[in-house]
Amino acid sequence: MELKIQRAIVKFGMEDLYEYSDVDVLIVGAGPSGLTSAKYLADKGFKVLVYEKRLSFGGGIGGGGNMIPKIVVQEEALPILKDFKIKYKEAEKNLYTIDPAELIAKLAVGALDAGAKIILGVHVEDVIVRDNPPRVTGVLWRWTAIEISGLHVDPLYTQSKALIDATGHGAEIVQIAAEKNPELNIIIKGEKSNWSEVSEKLVVDYTGKVAEGLYVTGIAVCEVFGLPRMGPIFGGMLMSGKKIAEIIEKDLRG
Ligand code: 48F
């Protein structure tokens, strides 16, 4: 029996890694924006892979508002909740509450059912830049466990036509791309203090391409473009995820 377990895991696990070493869209981060973009991109027929450094989904959803187990969205996000079959309750005019555990679970199910692949425990640590004019063509990654161990282990590669930074506060992937590849001409302005109503609109407006092959969604947009953060309101995260899917569809299909 042990031999069969070992062989099933190694054979089919390695097959997945082989199959997903070249994708249309690679999303870094399985938070609300990353999972939303994964579903809509997979719905459009793209080969979609999500790398998440933790062994769980959801990013900042699980903590609710300062650990109180509710989050809120505004009216414009309701069509997305309906697409994912997520329940909500009206709290007051134009503000609806959602259970964080349900939001995490159903965003992940929505992405997976649409055909996206999610691999957990992967830490993306660098980008690949090629061509003239320069474009981002993929990432370097290692298992998070290796990252934490501090062992000197070289990474592996994944190739993408479009790479989405959905890593949350800090915009880790865009930061690395900017620091190591000045030829990409990325200027990071830094996130500003909280202003929920302004930021919820701006985060969607500014969602988009950062360099050829590199896109940003979610709260990482605020870091890149110098926008205020918004706290535990998540409509902007979901709408940003949906918008980046539409932008990438146009860019990849023309
Ligand atoms: O932080 P996160 O939830 O980002 P988001 O989708 O949503 C932001 C909200 O949660 C909240 C907010 C909304 O009002 O302000 O903060 O923009 O999810 C980011 C995910 O990316 C993973 C991280 O573990 C988290 O699950 N991640 C971050 N860096 C890496 C990564 C990396 N280098 N490689 C792989 N995964």
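Helices (H or I, at least four residues) and strands (E, at least two) are DSSP runs, numbered from the N terminus. The model is predicted: local features need pLDDT of at least 70, side-chain atom pairs count only at pLDDT 80 or more, and totals for chains, interfaces and linings use all residues. Residues are numbered from 1 along each chain as its sequence is written, and side-chain values use heavy atoms, with hydrogens and water left out.

Helix 2 (32–43), strand 2 (48–52) and strand 7 (122–130) are the elements that give two or more residues to the shell around the ligand. Strand 7 supplies the largest share, 3 residues.

In total, 27 residues surround the ligand, where a residue is near if one of its heavy atoms lies within 4 Å. Ser33, Glu52, Gly60, Ile219 and Gly231 are the closest. By class, the shell holds 12 nonpolar, 11 polar and 4 charged residues; Ala, Val, Leu, Ile, Met, Phe, Trp, Tyr, Cys and Pro count as nonpolar, Asp, Glu, Lys and Arg as charged, and the others, Gly among them, as polar.

Several polar contacts (pairs of N or O atoms within 3.5 Å) can be followed individually. A ligand oxygen is 2.5 Å from a polar backbone atom of Gly231, and a ligand oxygen is 2.7 Å from an N or O atom in the side chain of Ser33. A nitrogen atom of the ligand is 3.1 Å from a polar backbone atom of Lys53. Of the 730 Å² of accessible area that the ligand has on its own, the protein covers 94% (Shrake-Rupley method, 1.4 Å probe).

Elsewhere, the count of salt bridges comes to 18, each being a side-chain nitrogen of Lys or Arg within 4 Å of a carboxyl oxygen of Asp or Glu. One of them joins Asp16 and Lys117, at 2.8 Å from N to O. This pair links distant parts of the chain, with Asp16 in helix 1 (residues 2–19) and Lys117 in strand 6 (residues 117–120), 101 residues apart.

Two backbone details remain. Asn132 and Pro133 are joined by a cis peptide bond with omega about 5 degrees, and Pro133 is in the loop between strand 7 and strand 8 (135–143). Lys85, a residue other than glycine, has a positive phi near 55 degrees; Lys85 lies in the loop between helix 3 (78–83) and strand 4 (89–92).

Notes
Polar contact = N/O pair within 3.5 Å; in protein donor to acceptor, adjacent residues only side chain to side chain.
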